[in-house]
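Subject: Structure handover

Hello,

Here is the structure you are taking over. My notes follow below it.

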Amino acid sequence: MLLQLLCCSSLLAQVPVIKHFAHEEGLNANTMYNMIQDKKGYLWFATDNGVFRYDGKDFTRYSTENGLPDNDVLSVEEDQLGRIWIACYNNNFLCIERGKLHNGRGGTNFMTFKSYMRLLGYRADTLVFHVNSQPDAVFIQPNGTIQFKQHPDIDFYCGNDAIKFSKSKIYLYDFHFKKVDSFKTDNPNEIIDAVYKLSDSTFLIKTNMQVILGSIHHQRLHLQNQKLSYLQQNKLILYKQELWMYEDSTLFPIKPDLRIDSSRKRNTYGIHFFSFLLDNRNDLWLSTEGDGVYYLPQNGVQLYTEEDGLVNQNITCASMLQDTLYTVGVTGKVNRLAHHEIETLPINLEKFAYGKVKSILAHGNFLFFGYSKGHLLVYNKHNGTTHLISNIGSVKHLASYSKDSILYCSSSRSGFIQVSNLQVYPLFGERGVAAGKIQDGKILVAGINNLRLYEKQGKEFVLVNKTNLPNTIISDIQHLNGITVLSTFEQGIYIVSGKDTQHLTTANGLTDNNCKYVYIENAHHIWASTSSGLNHIIYGLTSSPVVENLTTKNGLASNNISHVFKIENTYYTTSSKGINTFSLDRFYHEQIEPLLDIHDIYVNNKPVFPVGDLKLQPGEQLLKLTVSVLDFRSFGNLHIRYRVNGLDTSWTYTTQNIIELARLQPGTYTLEIQSLGAFHKVAASSVTLKFQVLPFWWQLTWVRIAAFIAFIAITAYGIYLFFLRRYHQKVKQENLLKQITETELKAIKAQINPHFIFNTLNAIQYFISNSENEKAGNYLDLMSKLIRKTLDFSNEISSPLKDEMAYLQTYVALESLRFEEEDFELQWQDWLSEQDKQCPFPTMVLQPHVENAIRHGLKPKKQGKKILKLSFYKKENTLFVEVEDNGIGRQQSTLQKSQHFVSHRSHGDELSKSKLSLFEQFMKKKVTLRTDDLMENNNSIGTRVILSVEL
């Protein structure tokens, strides 16, 4: 009895998560005049700073910068065609259609008034706005036609009839605005405060004295006094032709019989609002004067704070035993939550002053509190006594082992605490940060960067395995039905089942790698708390674990989750902002598919407004769309997937609201978009956009057929030209071979001509007759070598340069023997490497020039020393050969031939040119031949021939 008096308890209230939208969220306005939700699902707010549209993620503002004549907008309304009509404060009336503002007069131009516009409602499916202080009204027909008519100053329509009231009278008008009936209060002190339309034939009159129910029958007023003090005394609000009463921070809907419908009441939790709105998911929105908009979703997530009985909502640690939850706040107070009640235990942990409580464990009749400064406090729930265990080290972790013992881990050692006598048994000498029972006789103890397995052998626990885990600190160890889960700081989660180990990190879907606490619900559902949200791990049902995230986007009060538990069918999470509760059934089975809308379309970055299927002109290959997922409960956590049928069958997943399709080829496509609800549940319905990319004229079918035929014709003609060219090449090659043969024969003839042979034989005869047999033999030997090389070279277009040099040496040696009496000096200059001498060189083109130098340049010279100079060198990528003599020169030689009537004509130069031409054609190397006359004082002093060959 004394214990009950010391404890205080309260019934467990249910407070939803409330989202506040103001300047920081993009709703930068002070006063909200009214709110509507259009047919697509967008929310519209008329404010003192323009009109705002909310799509669940972003606010879009329409103001004077977009074309509004005035930012003070008092009303917004949607017509039958989905156009949003705006009534500004000073003198204008306009609408938003397809995201564009229209104003002015006539056609899509609208009326301009110098007075306030107010909505009267619908009359025979026609939307009617009235202009205050003027006999005019705007009639917007269902087909979009706009008319301006004279109209009496009425307050609202009841079907085709109209009601007008003053302080003491009610007037009834028929369809043609003819006054057909009226009502006047009997008491001169009774004043009509307001008249509310209840249906097309009923309305409610609220005066300062009573409530009157009115009805219309055959254009006559029928009134009945109602003794309903709750309606007369409290504030009444008409919302979508339904009457609501506001009392004690609660909105109550009023039934047609004027009774309160308590089953649909909505708590405003003390928020002072100007108007309210119930969206298509029955979530409550409250607009205010000067404090933005409040959103109260009915998503099943509830929040319990200090107002509900928590001594401190900043919860640092928690523990669950059966169906009871124990929590510790930063102030050191302990709460007990069970059976829909919050109870404060009569114990203040701060008074012991042993540091901060780092862990709590509920075990049997005891609560164990581990302090950071080396103490463990034991609280007996049965009798309220406490016991202090000192010098145990900074307690890091507590876990149950058996009915009579618990495990503890501290900064100095780890071991058991016997519950019956509270004796400490430090069995494990090393420091521990977490411990858990795997099975009877087996314990896992985590140290710094290691994990140790202890097994009971006899009466002692023996270390049987130690695994080093570099850079890994384990924060919690949990085991259930053969599954062991290790949560770590910075390394995610490890799940071990038999020989299978799964390592989960942010790459697998975790909200954070810094995991605090693990709760194993059963073999397939594991929960992990982090500082970035709650993670639900579905294990063993698919090849890889599936991770689902719950954060503030799903209604949690905070992402910094310390613990998670399940009591019956309700999940409890503790955080710095209190205790959240939720049921997964609300997320899975009561999930309403969010609405999807494509509200902006750009082709090549230019906005378009297609009436039917979208057509992209040739060259327009970039399509960009802005998509809204009108799911306000997700708080902007957008998840969609899309695919383009005709382009790709796979889905693309994104959290962005912009879809961009680039490099589109001509064809017909269908873009399919689906939203993903809670836990990525795919919506059953899709939003589709059909579009066609038109081809260029050259991409048309008949153009392609014509191009194909032309291609075949050109290909056939090309084949014909190919074989014709091959035929001409073959003929050309045969002519070339014939030319080569003729050149070879001419070369042989030129090299071994009768004159040369005759002179040679005469020289041999001369040597024999003078008994110079040795000279005759040498001469004959050189001549045979020269003839043999001439015959060999005549079959080749090219030969290595060193062979051509050897040929020249043989020829010069032979000429030296012939003309010994007219001896000449040979100067041989060789600056080439052996590698350069291996390069291909045109055959038998140097000998004719050497012969000309000897016979026609040096032989006729009568005075002075006769010199023949042969030079071989290389510059950059070209070989050079120079044949130079200091003879009489080409001009004097030609003159002597003409005086002596020399009839022999040398063909050496012509043959050289033919050989060089053939060499260029076959070897594809550039060859040049140049002859220079050497002059001194206008007198010829010799001739130089320069032959260059490209390497």
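Which side chains meet in a salt bridge at 3.8 Å, N to O? Those of K837 and E834 do. A salt bridge here is a side-chain nitrogen of Lys or Arg within 4 Å of a carboxyl oxygen of Asp or Glu. K837 and E834 both sit in helix α8 (residues 834-837), three residues apart, about one turn of the helix. K837 is buried, with a relative accessible area of 11%, whereas E834 is exposed at 53%. Buried means under 20% relative accessible area, exposed over 50%, and partly exposed in between (1.4 Å probe, protein chains only).

Before the rest, the ground rules. This is a predicted model, where local features need pLDDT of at least 70, side-chain atom pairs count only at pLDDT 80 or more, and totals for chains, interfaces and linings use all residues. Residues are numbered from 1 along each chain as its sequence is written, and side-chain values use heavy atoms, with hydrogens and water left out.

Overall picture

The protein has 951 residues, of which 48% count as buried. It holds 11 helices and 72 strands. These are DSSP runs numbered from the N terminus: helices are H or I, at least four residues, and strands are E, at least two. Take the contacts with a separation of 6 or more: residues 24 or more positions apart account for 49% of them. Contact means heavy atoms within 4.5 Å.

Cores

The largest nonpolar core has 38 residues. Such a core is a set of buried Ala, Val, Leu, Ile, Met, Phe, Trp, Tyr and Cys residues joined through side-chain atoms within 4.5 Å. Among the residues with the most contacts inside it are F841, L846, F872 and V883. Elements giving two or more residues include α5 (754-769), α9 (847-858), β70 (878-885) and β72 (939-950). Helix α7 gives the most, with seven residues. V883 touches H849, V850, A853, L868, K869, L870, T943, R944 and V945, not counting residues up to four places away in sequence. Apart from this core lies another, of 29 residues, with Y54, W285, F632 and F635 among them.

Aromatic pairs

There are 31 aromatic pairs. Rings of Phe, Tyr and Trp (its six-membered ring) pair if their centres lie within 6.5 Å; planes under 30 degrees apart are stacked, over 60 edge-to-face, and the rest tilted. Y33 and F274 pair edge-to-face, at 6.4 Å centre to centre with 80° between the planes. Y33 is in strand β4 (residues 32-37) and F274 in the loop between β27 (266-267) and β28 (275-278), so this pair ties together parts 241 residues apart in sequence. Both partners are partly exposed: Y33 at 22% relative accessibility, F274 at 36%.

Y54 and W285 are also edge-to-face, at 6.1 Å centre to centre and 65° between the planes. Y54 belongs to strand β6 (residues 50-54) and W285 to strand β29 (residues 284-287), so the pair ties together parts 231 residues apart. Y54 is buried at 3% relative accessibility, and W285 is buried at 0%. Ring pairs link F21, F45, Y54, F59, W285, Y295 and F632 into a cluster.

Charges over rings

K19 lies over the face of F21, 5.8 Å from the ring centre. The criterion is NZ of Lys or CZ of Arg within 6 Å of the ring centre and within 35 degrees of the ring normal. K19 is in strand β3 (residues 19-21) and is partly exposed at 28%. Neighbours within four places aside, K19 is in contact with E25, V293, Y294, Y295 and F635. K437 lies over the face of Y401, at 5.1 Å from the ring centre.

More salt bridges

The structure holds 22 salt bridges. D631 forms one with R281, the closest N and O atoms being 2.5 Å apart. This pair links distant parts of the chain, 350 residues apart. D631 is buried at 8% relative accessibility, and R281 is buried at 12%. E242, D261 and R264 are linked in a network of salt bridges.

Best wishes
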